[in-house]
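Please read them with the model open beside you.

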Amino acid sequence: MRPANARRFVLILTTFLILAVPNASMAQKDRGVRPGPAGAGNPLPGLTPIELQMFQEGLQRAIQLEGVCDDCSDIQIGSFTDPAQANLVTKSNSTGLGVRFNGDQCTACHNQPALGGSGGFMVPNPQAPAGQQQPPENPMFRLMPQRKGALNAVPSFIEQFGPIREVRFAKKPDGTPDGGVHQLFSVLGRSDVFPAGQANTCTAEALPPTDFESQYKKGNVRFRIPLQLFGLGILDGIQDREILERHNTTAASREDLGIRGIPNRSGNDGTITRFGWKAQNKSIMIFAGEAYNVEMGVTNDLFPQATDESPACTADKSEPNDIFRNDPTEARNQSFFNPLHELPD
């Protein structure tokens, strides 16, 4: 082929590719949610009877609906809930919900495509009269901000059929970096902040709402969505050396693809961290303890200080709220299936 013809051929071919690639891309269509059963959320095959009991108890504790004060649960602490009704829970069977929180039930933000998954829609009022049931929606839109008479204003970025979101601020009011989670809701107005007979001192002055709308308009908010929890226990058990070996053996292929990430490491002991949006947490135990405290305001042995300690909105309750229990009776054990009655949520 002559040089002029070769150049003409290359030009025609390049023009064709430029025109064809966008058309091919635009032809792609999201098929939506995969049909059929979820294929996730079940216990691993081959568990021992005690391991299976522990799995079932863990599921029960994730379903729990949190009340606020120690004596303010609607039904007996630790009462069994049918997992098939996990998205329809209206009566609290646990306590410890913090003064500020993002959610009052683990599975409210971890229920799709099965319990333990990522965020999904829930029925806003399961007790509505027959024929008046509304379609499932984002539980952050009405269900959690209005539970038990709460008076939370819902910011515009929380939409009825939009994603479940956790909010962080990029900067503090003085302009310095922030990056921390700012809980969307508070207990202001709820009927279970204090036990019967205790005066309600939780006012808007004592617990002022966060002005998310202004921060949103300023472009100062950053969003996270809930991650699925499937298989995290398995990830917890992978040895660091296996991660490093696979990292080394895939170096060439990763270089070809432009992937240059490195394992994240703990600032305390130098071992590889692996949980969270930034892979910032070392273990699933730390990850879960942090979520209880940051997302639900429930203090625990790992995170014993509340994110907000407003005394006017805090009843006299046990601190930490959720702990290892070794009591000889069921008074505080909150047991479902746990044969040892020890582990916290």
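1. The side chain of Asn 111 makes a polar contact, at 3.5 Å, with the side chain of Gln 112. Please bear in mind throughout that this is a predicted model, and that the distance is therefore a property of the prediction, since the model is a predicted one.

2. As for its setting, Asn 111 lies in the loop that runs between strand S3 (100–101) and helix H3 (143–146). Asn 111 counts as buried because its relative accessibility is 4%, and the cut-off for that term is under 20%.

3. Which residues touch Asn 111, leaving aside its neighbours within four places in sequence? They are Asn 87, Gly 117, Ser 118, Gly 119, Gly 120, Phe 121 and Met 122.

4. Turning to helix H2, which covers residues 49–63, the geometry can be checked directly: at 1.5 Å a residue, its 15 residues should span 21 Å, and the end C-alpha atoms are 21 Å apart, so the two values agree.

5. Within H2, the buried residues are Glu 57, Leu 59, Gln 60, Arg 61 and Ile 63, and what covers the buried residues of this helix includes helix H8 (284–296).

6. Leu 52, also placed in H2, is partly exposed because its relative accessible area is 35%, a value that falls between the limits of 20% and 50%. Together with Leu 44, Leu 47 and Ile 234, Leu 52 makes a nonpolar surface patch of about 330 Å².

Note on methods. Residues numbered from 1 in each chain as written. Predicted model: local features only at pLDDT ≥ 70, side-chain atom pairs only at ≥ 80, totals over all residues. Heavy atoms only, no water. Patch = residues over 30% accessible without salt bridge, like charges linked within 9 Å, V, L, I, M, F, W, Y side chains within 5 Å. Areas by Shrake-Rupley, 256 points an atom, 1.4 Å probe, with all protein chains shown as cover. Salt bridge = Lys/Arg side-chain N within 4 Å of Asp/Glu carboxyl O. Helix = DSSP H or I, 4+ residues; strand = E, 2+ residues; numbered from the N terminus. Buried < 20%, exposed > 50% of the residue type's maximum accessible area, 1.4 Å probe, protein only. Polar contact = N/O pair within 3.5 Å; in protein donor to acceptor, adjacent residues only side chain to side chain. Contact = heavy atoms within 4.5 Å. Expected span 1.5 Å × (residues − 1).
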